[in-house]
2 protein chains.
Amino acid sequence: MLKIGTYKYKLSRWQFDFEDKLSVIQLMNLLLESAGNHAEERGFGIDNLMAEDKSWVLLRARIEFLSDYNEKKEIQIETWVDEIKGLFTTRRFNVLDSRGEVFCAVATTWAMINIKTRKMLHLTELLDEKFLFTEKEALTKAPEKINPIDEKNEALSRVEALYSSIDINNHVTTTRYIQWILDSFSIDDLKENRIKIFEINFQNEAKFRDTLEVHKQKISDEIYIIELTKAPEIQICRARIRFEKKS
Amino acid sequence: MLKIGTYKYKLSRWQFDFEDKLSVIQLMNLLLESAGNHAEERGFGIDNLMAEDKSWVLLRARIEFLSDYNEKKEIQIETWVDEIKGLFTTRRFNVLDSRGEVFCAVATTWAMINIKTRKMLHLTELLDEKFLFTEKEALTKAPEKINPIDEKNEALSRVEALYSSIDINNHVTTTRYIQWILDSFSIDDLKENRIKIFEINFQNEAKFRDTLEVHKQKISDEIYIIELTKAPEIQICRARIRFEKKS
């Protein structure tokens, strides 16, 4: 079996946002679907792990747009695992448009947990190194720890985790967090600026009926940090977005 | 060209809800995608109409689940137009599981508007009757006008139309309304009851930054009416859901 998995997705109008562009929210759904299929085909997918009370947890992601994109028809996602180190593994993705050009590079950090104890497991003992692929050039950096917001003032808004936010494990879905983060920007912000790099760190899981506070700090004209917290003290996730002024 | 369009969709994990089941929200995306493709292939899709300052507007939908469903792999959607009458046209859908069984029947009412005047246009002059298909058995009734909630008390909740809710026309997307409607139910409600019939009437469009009130009335143990309003006086949409107790 090839070490790199390649998956094609036809795009539909409902995956596009107000600019008629594939949204980061919908792109994340396709990245996770590709990761799931790649892992499953090689015997380390969620379904394989669940049988042994284990599961994958996404800890960090970095989505970098290498060029502006305007794909309407179809994208292709390549994904592979390029590092296993103690408790963590790095999975990478390249996203190609229908002409075969890579317009987006993604790096993600994952851990494997025991779903009963919620403890992280040592991956070097559990993942076969034959699946590692290190020959492909990394088009974006590995995801970093994002620094917290300096001074948390009054929340920008509050969101509640309801039916449509919840997956089969009673956790808020990854893409719903991303939606809430992007919803902290106005349409005018997003008309004038293009997302260049979207980074996210996942810290704790939110569940049904949790109310989360949205906090946002402008670091510079281009960079914002957004935090979702459950009550002030429980961090749920933190994102950093680097914008690029549209020309 | 065949009068009935048939479209296959592979299902992905992110289209499933907390019960690991294709949600009505995601099903609606696929229904609209099928309607769009069917119309476009026959020369009366949105892109065709936009060139003449016209557009389709969905006025009513009725989604009836004929049997419980648990499809994980792929669905097939058949769609056709079965009536043109003055200002309105009825489009029908059957949704089949991967064994080829119809588990869901849908009927929708549409109007065509001039996007500059927002006036409805006479369809008998604009739509070619050769596309009508009336030989197929209708597995659900045509959508009806839903009666309003008797007495509107305090709103159950408020929702704001932000970035992720907005389409290219600066309107809230059809599926986002359905999401807000279903989010008025708790996970426990939806664990114990299965949606048998989901009906919706669209009355006015909500736009970016609009705050909508969610109102809900229990008509009987099985039937609920949910209304989304912008300020108390502007009706946005109204849904009626008939549940069936799970056995």
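**View 1. The open sheet of chain A.** In this predicted model, chain A carries an open sheet of 10 strands in the order 1-3-4-5-2-7-10-9-8-6, with antiparallel pairing, where two strands pair if DSSP finds at least two bridges between them, and where strands (E, at least two residues) and helices (H or I, at least four) are DSSP runs numbered from the N terminus. Strand 1 (5-10) and strand 6 (157-160) of chain A are the edge strands, each pairing on one side only. Neighbouring strands of this sheet are turned by 25° against each other on average, direction ignored; axes are lines fitted to C-alpha atoms, for helices over the stretch in contact, and angles run from 0 to 180 degrees between N-to-C directions. Residues are numbered from 1 along each chain as its sequence is written, and chains are lettered from A and ligands numbered from 1 in the order in which they are written. Local features need pLDDT of at least 70 and side-chain atom pairs count only at pLDDT 80 or more, whereas totals for chains, interfaces and linings use all residues.

**View 2. Strands 8 and 9 of chain A, with helix 4 on the sheet.** Strand 8 (residues 211-218) and strand 9 (residues 223-230) of chain A run antiparallel and are joined by seven bridges; Lys218(A) has Tyr224(A) of strand 9 as its bridge partner. Helix 4 of chain A packs on the sheet, touching strand 2, strand 6, strand 7, strand 8, strand 9 and strand 10 (234-245) of chain A, and its direction makes about 125° with that of strand 9 of chain A. Nine of the nine residues of helix 4 of chain A are buried, so this helix is largely enclosed by the rest of the structure; a residue is buried if 20 or more other C-beta atoms, placed from the backbone, lie within 10 Å of its own. Among these buried residues are Arg176(A), Gln179(A) and Trp180(A).

**View 3. The side of chain A that touches chain B.** Contact is made between 26 residues of chain A and 26 residues of chain B, two residues being in contact if their C-beta atoms, placed from the backbone, lie within 7 Å. Helix 1 (24-41), helix 4 (174-182) and helix 5 (187-192) of chain A each supply at least two residues of this side, and helix 1 gives the most, with five residues.

**View 4. The rotation axis.** A rotation of 180° with 0.0 Å of shift along its axis superposes chain A on chain B (RMSD 0.0 Å), by least squares on the C-alpha atoms of residues with pLDDT of at least 70 in both. That is the relation of a two-fold axis.

Terms used. A residue is buried if 20 or more other C-beta atoms lie within 10 Å of its own, exposed if 12 or fewer, and partly exposed in between; C-beta atoms are placed from the backbone.
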